[in-house]
Amino acid sequence: MFENYRVFETDFAGRPLKIETGKMAQLANGSCFVRYGETVVSVAVTASAKPRDGIDFFPLSVDFEEKLYAVGKIPGSFQRREGRPSEKAILTSRVIDRPIRPLFPKDMRNDVSVVCTVMSVDPDCSPEIAAMVGTSAALSISDIPWKGPISGVSVGLIDGEYIINPTAEQKKQSRMAVTVASTDSRIAMIEAGANEVTDDEMYEGIMAGHAANQKIIEFIKGMQKEIGKEKFSYPSNEPDEEMIEKIKAFAIDEIRVALDTDDKTVRDARLKPIYEKVHEQFDAEYPEQEAQIDECLYKTQKYVVRRWLLDEQKRVDGRGMNEIRPLAAEVGLLPRTHGSGMFTRGQTQVLTVVTLGAASDNQLLDGIDDEETKRYMHHYNFPSYSVGETRPSRGPGRREIGHGALAERALVPVIPPVEEFPYTLRLVSEVLSSNGSTSQGSICGSTLALMDAGVPIKAPVAGISCGLITEGERWMTMVDIQGLEDFFGDMDFKVAGTHAGITAIQMDLKIDGLTPEMIKEALAKTHKARDYILDEVMLKAIPAPREELSKYAPKMLSTQIPVDKIREVIGTGGKVIQKICAECDIKMDIEEDGHVYISGINMDNCRRAMTIVDTIVNDPEPGSYYTGRVTRLMDFGAFVEIAPGKEGLVHISRLDVKRTEKVEDVVSVGDIVKVKVLEIDDKGRLNLSRRDALIELDGMVPENTISDAPRRREDGGRPPRRNDDRRNRR
């Protein structure tokens, strides 16, 4: 039945890789079924028969679809079906998109769709890598024009050894998590998170990934040679050379003047009349070709900027190639938030705000990997006013999610562990103004905000980008690219890190890849730049994390109790824990391993709740102090509950520092009082004293007429009273 069914097999980092074709999704332009270990991903690529009208870009969409049946889960929503893609799925889609996009013809306008459906997950065989390899294979054997293949691997670093496609257990031990995509000659994409690795360690890891990719590229080339289809032809959207030269000659002098400013607003205002003038001149000569005229103007601007950079070593704002724009850093801008910091680089400005929460405020994840919660979150917002435009807000898109994830990845290595800092952290970066490198501004703003909030980060992190211009064999890099250089350049190489090493990398390319020399130079330049940003700007604004948290931040205490005592602290139906939370006005979270986290605005309330937990778990000891609630009044004293289920008697003679005639004169039911444990009798009953607590804790002075506390005797009687007058005479 399946005449064209073929199976191609190879070894991939010590695990079997099998790609099946000709059996499933046969109506797509190209498809394959990837089996990597027990991970299975279906990849289908399709292209529209005709180009889309009225657009000036290549319409490519990449979707990485997580199916929870792949890990034996039922979705947690009300509908019990997959909904919008998770952040992890969106980030994976972007990782696949970035290396394949530059390899499509730049003048093609046919819609192309890539759909990677994850159907089975082996934790030791990454579905993201399987999807990237499957995408390359499907595009290579399809009839869609594409200059592949590529391959992608993940790289780990354990005890100085680079591991290709590390297993789930190896990922936990690794100092880096780097995804490297390559063509047969160049490195096409880098996405990295790392625990302060050096430039040399990162470079060697990238090269190790590039070398490992070559085997899979040759494997896919073999598939393409055997079953690859002939690529279809398409109508080019490229303006003809005569049209380009005419419009360039007409407008280039005015465009040079318009672009020669570092102010984006001024530049846009100068360009607008030039566009109008060009259309007025050429619309009649080239009817119904408005998009091509705009493309000619784009090419003219690109030509001007690249000539300045390559031939004159000139940047539009007059900076040197390794010079950073003017910088500013501020903290404590928002008085009622838990922490805030604003970082400004030229016309790019980002305000980041920190919110600290209880352990229960962490994010619940419903995905195909083992990560079920997230304690540290970073959200990035890019409103239209930041670029001087007007459009309605529709929530975060893929770009916003990607930039937020990059900033999050950059700071994770320096966030203190929950055992040292038992908080959930949410950071929100508001882009107030954008002229390039807002994601790196978010990283710097995040460091400032965390330090302002008093979070004891291990080291401050800064981020910077490096650009690239290529022409044939010529190339040059520049630090801190602004919007125009990003728009007309070939690369945006973003690197974040501390003084000690790199914590995150994201590389966006418009060309087919980088040479090792380009990568080494970019790493060296960004290291020097981020050291400058840290020392000369950020650490001068705030040299160290604040010693105390904001008074508006919740106060947090943590402890660990025996697992067999968890039931007692929670109580039947949660009655005990609910009672503690209500009485102390706190939040309490108890984990399965016995970790207890208590948070509240008032630290005294937190300490009281912690004491109650300790009292439930451990029997009170004579001489210890507690804060309890009066539960009953008797003629001979008051009963005080120091913890749920643990109640003791305060004898009337021990109620106050002065003589007490009636219990009701001193306390009432529901009062919160401090008491001291005097003894625990052989029947397990607690004898408490409010009088001793008032004297020893509050420094109150007893009246001379007050007697020492009577103690309960075995026969229920009272010990004889001492002669107070004689004692006073002595």
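Biologist: Why is Lys 662 called exposed?

Modeller: Its relative accessible area is 53%, and exposed means over 50%, buried under 20% and partly exposed in between, with a 1.4 Å probe and protein chains only. Lys 662 therefore counts as exposed. The model is predicted, local features need pLDDT of at least 70, side-chain atom pairs count only at pLDDT 80 or more, and totals for chains, interfaces and linings use all residues. Residues are numbered from 1 along each chain as its sequence is written, and side-chain values use heavy atoms, with hydrogens and water left out.

Biologist: What makes Lys 374 buried?

Modeller: Lys 374 has 14% relative accessibility, so Lys 374 counts as buried.

Biologist: What joins the side chains of Lys 374 and Glu 408?

Modeller: A polar contact of 3.2 Å. The term takes a pair of N or O atoms within 3.5 Å; within protein, one must be able to donate a hydrogen and the other to accept it, and residues adjacent in sequence count only if both atoms are side-chain atoms.

Biologist: Why are H2 and H4 called roughly parallel?

Modeller: Helix H2 (residues 127–141) and helix H4 (residues 199–227) pack at about 30 degrees, with axes 9 Å apart. Angles under 35 degrees count as roughly parallel, over 145 as roughly antiparallel, 65 to 115 as roughly perpendicular and the rest as oblique. H2 and H4 are therefore roughly parallel.

Biologist: Which residues of H2 make the contact?

Modeller: Val 133, Ser 136, Ala 137, Ser 140 and Ile 141, where contact means heavy atoms within 4.5 Å.

How values were computed:
Axes fitted to C-alpha atoms, helices over the stretch in contact; angles between N-to-C directions. Helix = DSSP H or I, 4+ residues; strand = E, 2+ residues; numbered from the N terminus.
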